[in-house]
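Keep the sequence and the model side by side as you read.

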Amino acid sequence: MKLQLLPSTFDASGCCSQRQHLSCFVIDDCLAIDAGSLAMAATEIQKSQIRDVILTHAHLDHIAGLPLFIDDLFVGLDEPVRVYATKEVITVLEKNVFNWEIYPKFSELKNKRSAVMQFVQIEIETEIFTKHLRIKPVKVNHEVQTVGFLISDDNSKIAVTGDTTETDRFWEMVNAEEPPKAILVECAFPDELEDLAFASHHLTPSRLRRELKKLKHTNCPVYVINMKPMYRGQIVKQIENLKIKNLHILKVGKIYEW
Ligand SMILES: [Zn+2]
């Protein structure tokens, strides 16, 4: 299984930077988990193959690229882009984004050959099958309804928390099965901003350390995602100071194979 966190910012020379403003993971060049930078950073091959987008929640940094992605592809689509999300997230997107005021209601539009966007409602802990992948949504603990995912193909499995603070069910589900090849866990704020992390339902390095005590697969590689870009340096330093040997920072733009 191939995974890439698409870039969302550029350094002074125009190259992809490690600052992650937006969230969009592409799996095997054909499935997107969240769509933060999907329109802006997907390669031509990814744009030609991604027709399934699955959302953790409706916060802007996770959906910003979705309306633009559909817009880019509009004329050339032979099938709709399927957007998988919980009922609550679909309702929020239809009411607040695809409402003709912010952007067109793509779920009602067609090009000459096909509908261009189709919402597919997902249920918590009910597997979705798309292409060669199996995806199980698991409820996590954010200030709006949010799911993480366990994603498997015939050879590998990975787990992604999405945005969350302390949560139990995600770890129970991970612990109940064979160890995944990788677990991607958020850590949005540094320890100094504990109050903000608490209020916005995110993790800090200290909270992450406590979360990882819930993981029974102690050798499983864990990768940190979703660090707020303005605090990235502080968070990385605090994570390194935890001295947890299987804990890494997921590199933006790098293609991982598991
Ligand atoms: Zn969020």
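**From a loop residue to the cores**

Lys 228 is partly exposed, because its relative accessible area is 24%; buried means under 20%, exposed over 50%, and partly exposed in between, with a 1.4 Å probe and protein chains only. This is a predicted model, in which local features need pLDDT of at least 70 and side-chain atom pairs count only at pLDDT 80 or more, while totals for chains, interfaces and linings use all residues. Residues are numbered from 1 along each chain as its sequence is written, and side-chain values use heavy atoms, with hydrogens and water left out.

Lys 228 sits in the loop between β12 and α9 (232-242). Helices (H or I, at least four residues) and strands (E, at least two) are DSSP runs, numbered from the N terminus. Leaving out residues up to four places away in sequence, Lys 228 touches Asp 61, Ala 188, Phe 189, His 202 and Ile 235. Contact here means heavy atoms within 4.5 Å. His 201 is 27 residues from Lys 228 along the chain, and their C-alpha atoms are separated by 13 Å.

Step back into β12 itself. This strand covers residues 222-225 and holds Tyr 223. Tyr 223 counts as buried because its relative accessible area is 12%. What surrounds Tyr 223? Beyond four places in sequence, its contacts are Ala 182, Ile 183, Leu 184, Val 185, His 248, Ile 249, Leu 250, Tyr 256 and Trp 258. Take Ile 249 from that list. Tyr 223 and Ile 249 are 26 residues apart in sequence, yet 5.1 Å apart in space, C-alpha to C-alpha.

Now go to the loop between β1 (2-5) and β2 (25-27), where Gln 20 lies. Is Gln 20 buried or exposed? Gln 20 is buried, because its relative accessibility is 8%. Its side chain reaches the backbone nitrogen of Asn 226 at 2.9 Å. Setting aside neighbours within four places in sequence, Gln 20 contacts Leu 5, Ser 8, Ile 225, Asn 226, Met 227, Pro 229 and Val 252.

Thr 9 is in the loop between β1 and β2 as well. Thr 9 is buried because its relative accessibility is 12%. Its side chain makes a polar contact with the side chain of Ser 17 at 2.8 Å. A polar contact is a pair of N or O atoms within 3.5 Å; within protein, one must be able to donate a hydrogen and the other to accept it, and residues adjacent in sequence count only if both atoms are side-chain atoms. A polar atom of the Thr 9 side chain also lies 2.7 Å from the backbone oxygen of Arg 19.

Next comes strand β3 (residues 31-33), the place of Ile 33. Ile 33 is buried because its relative accessibility is 1%. Ile 54 is 21 residues away in sequence but 5.0 Å away in space, C-alpha to C-alpha. Apart from residues up to four places away, Ile 33 touches Ser 23, Cys 24, Phe 25, Ile 27, Ile 54, Thr 56, Phe 149 and Ile 151.

Finally, the cores. The largest nonpolar core has 31 residues, and those with the most contacts inside it include Leu 38, Leu 55, Leu 66 and Phe 98. Two or more residues each come from α1 (38-41), α4 (65-73), β5 (81-85), α5 (87-96) and β6 (117-121). The largest share, four residues, is from α4. A nonpolar core is a set of buried Ala, Val, Leu, Ile, Met, Phe, Trp, Tyr and Cys residues joined through side-chain atoms within 4.5 Å. A second, separate core of 26 residues includes Ile 122, Ile 158, Leu 184 and Trp 258.

In α4, the buried residues are Gly 65, Leu 66, Pro 67, Phe 69, Ile 70 and Leu 73. Their cover includes α1, α2 (44-49), β4 (52-54), α3 (60-63), β5 and β6.
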